[in-house]
Amino acid sequence: MATLDECRTALDQLARNMAEAEGDVRSAAALDRSLSCRITDLDTTFTGRLAGGTITGVTAVPGVPADKAQIRLTMTGDDLVAMVGGELSFAKAWGSGRVRVQASLRDVLRLRSLL
């Protein structure tokens with residue numbers, strides 16, 4: 001099971017990947033949305049903002065935050081680490097129910113290229 005630190009490192013890596021991205025990935029990262037990533041096995045939610053081509057202001061809060069983000073992801077820590085590490089595709093994880101996404105359809109389609 002991935003630790004809280006490993007999940008935080010994965011999110012930091014995702015932010016770096018987005019900041020360095022080009023082409024379609026860069027345009028997908030240009031969203032300006034509040035973002036949360038709930039790690040079910042750690043009962044922790046990371047919240048932040050997807051803006052300017054990266055994720056900023058990431059904080060970890062226990063449980064489920066009262067404010068709902070515009071893009072909400074739910075998964076295990078292992079799945080987060082595997083997706084950011086390129087070992088698990090977002091589409092496969094989403095299609096199999098390993099990752100749940102609550103967002104507008106347009107945002108979900110753009111997220112596919114980020115993860």
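Visitor: What is the relative accessible area of R49?
Guide: First, a word on what you are looking at: this is a predicted model, where local features need pLDDT of at least 70 and side-chain atom pairs count only at pLDDT 80 or more, while totals for chains, interfaces and linings use all residues. Residues are numbered from 1 along each chain as its sequence is written, and side-chain values use heavy atoms, with hydrogens and water left out. We label residues as buried (under 20% relative accessible area), exposed (over 50%) or partly exposed (in between), using a 1.4 Å probe and protein chains only. R49 counts as partly exposed, at 32%.

Visitor: In which strand is the place of R49?
Guide: Helices (H or I, at least four residues) and strands (E, at least two) are DSSP runs, numbered from the N terminus. By that numbering, R49 belongs to strand 2.

Visitor: With which side chain does the side chain of R49 make a polar contact?
Guide: A contact means heavy atoms within 4.5 Å, and, leaving out residues up to four places away in sequence, R49 touches D32, R33, S34, T54, I55, T56 and Q70. A polar contact asks for a pair of N or O atoms within 3.5 Å; within protein, one must be able to donate a hydrogen and the other to accept it, and residues adjacent in sequence count only if both atoms are side-chain atoms. At 2.9 Å, the partner of the R49 side chain is the side chain of D32.

Visitor: How far apart in space are R49 and S34, C-alpha to C-alpha?
Guide: S34 lies in strand 1 (residues 33-39) and is buried, with a relative accessible area of 18%. In sequence, R49 and S34 are 15 residues apart. In space, their C-alpha atoms are separated by 4.5 Å.

Visitor: The side chain of S34 reaches which backbone nitrogen?
Guide: Leaving aside neighbours within four places in sequence, S34 is in contact with G48, R49, A69, Q70 and I71. At 2.7 Å, its side chain reaches the backbone nitrogen of Q70.

Visitor: How wide an arc around the axis do the buried residues of helix 1 cover?
Guide: The buried residues of helix 1 are C7, A10, L11, L14, A15 and M18. They sit on the same side of the helix because their arc, taken from the directions from the helix axis to the C-beta atoms, is only 140 degrees.

Visitor: At what angle are the ring planes of F90 and W94?
Guide: Rings of Phe, Tyr and Trp (its six-membered ring) pair if their centres lie within 6.5 Å; planes under 30 degrees apart count as stacked, over 60 as edge-to-face and the rest as tilted. A search of the whole structure finds one aromatic pair. The centres of the F90 and W94 rings are 6.0 Å apart, and the pair is stacked because the planes are at 15 degrees.

Visitor: Which residue has a positive phi although it is not a glycine?
Guide: Most residues other than glycine have a negative phi. In the loop between strand 1 and strand 2, there is a residue with a positive phi of about 50 degrees: D43.
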